[in-house]
Amino acid sequence: MSLPRTAIPFVKASACGNDFLIIDGAHAPADLSAFSKRVCERHEGVGADGVEWLFPAPDADVQARLLNADGSEAEISGNGTRCVAAYLHAEKAKEKVAIRTGAGLKICTFISRRDGQYEFEIAMGEPEVGEAFPIKLASHEVRGIPVSMGNPHYVVFVKEFAPRWQAEAAEIGRDHGFKNGINVELVNSLDRGNIEVRFFERGVGETQSSGTGSCAAAVAAIVAKKAESPVRVHTPGGVQTVRWEQQVFLRGTAQLICRGEFFV
């Protein structure tokens, strides 16, 4: 068997089911968008929600550029950042990892490692919370709270998740008022310390979890007086903890799944 001569090495990681490919920017092809879309495809690629491309940074351990599964570039992924922190900890045994993202410098503090799961807490910065406003859909109207965690979110509170909630979230995301797209969170408040969330992310679609989405959902729940900090965020992929002091802190696990080469 003769293998293709050109191959790009990657590490695959996951944080609460939100999966990413971590690739050294030294291997970045000319068309980063097209390659990221191709490698993230789940049938003819490796499969992932996005690619974290790593480049040198003068003021951090690394610069991480996030490209979504559709090839679009996003400011940040909280879970993707945690995956990068786990990777750097495994490679260099760093207790604190400074990662330069499109939403600023993020400091990731190592908490523990157990059974291949790396736990970190990330200082996510101060959220920007806007006034709640309605959006008219084809069949009804929804009302949500806009929250920025360095990337945009629209948080809608629900009593239960409808059987086809993905279609509703996609319709919200297509609203013309969101000129740069939007990440949509549907939130069911369980009690003062727990919320359950579903995520529909721009450039990806439904995801098992979201770091910035968990932060936005928790912040919106606190602002709406449906929860108090710290908030445990329950997602299909696992549980993360968000505490909001002056800035927001996100705590959760990440695991390194495999290492490989993608043939070009």
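This is a predicted model: local features need pLDDT of at least 70, side-chain atom pairs count only at pLDDT 80 or more; totals for chains, interfaces and linings use all residues.

Visitor: Okay, and which strand pairs with E18 over residues 117-125?

Guide: That is strand E8, which is antiparallel to E18, with eight bridges in the pairing.

Visitor: Where does E18 sit in the chain, and how does E1 pair with it?

Guide: E18 covers residues 248-263, and E1 covers residues 7-15; the two pair in the antiparallel sense over eight bridges. One of the facing pairs is valine 11 with arginine 259 of E18.

Visitor: What about E17, how many bridges join it to E18?

Guide: Four, and these strands run antiparallel too, with E17 spanning residues 238-244. Within that pairing, valine 242 is opposite leucine 250 in E18.

Visitor: How many residues lie between E17 and E18?

Guide: Three, and the two strands form a hairpin.

Visitor: Zooming out, how many helices and strands are there in the protein?

Guide: Four helices and 18 strands.

Visitor: What is the radius of gyration, and what would a compact globule have?

Guide: The protein has 18 Å, and because a compact globule of 264 residues would be near 18 Å, the value agrees with that expectation. Along the principal axes, the C-alpha trace spans about 55 × 40 × 35 Å.

Visitor: What percentage of the residues count as buried?

Guide: 50% of the 264 residues. The protein exposes about 12,400 Å², and carbon and sulfur atoms supply 47% of that area.

Visitor: What about contacts, how many join residues at least 24 apart?

Guide: 60%, taken among contacts between residues at least 6 apart in sequence.

Visitor: Last topic, proline 146. Which strand is it in?

Guide: Proline 146 is in strand E11, residues 141-148.

Visitor: And which residues is proline 146 in contact with, leaving aside neighbours within four places in sequence?

Guide: Glu128, Val129, Gly130, Glu131, Ala132, Phe133, His153 and Tyr154.

Visitor: What separates the C-alpha atoms of proline 146 and asparagine 18?

Guide: A distance of 22 Å, with the two residues 128 apart along the chain.

Technical notes. Residues are numbered from 1 along each chain as its sequence is written. Side-chain values use heavy atoms; hydrogens and water are left out. The radius of gyration is taken over C-alpha atoms; the globule rule is 2.2 Å times the number of residues to the power 0.38. Buried means under 20% relative accessible area, exposed over 50%, partly exposed in between (1.4 Å probe, protein chains only). Contact means heavy atoms within 4.5 Å. Accessible areas come from the Shrake-Rupley method with a 1.4 Å probe; for residues, only the protein chains shown count as cover. Two strands pair if DSSP finds at least two bridges between them.
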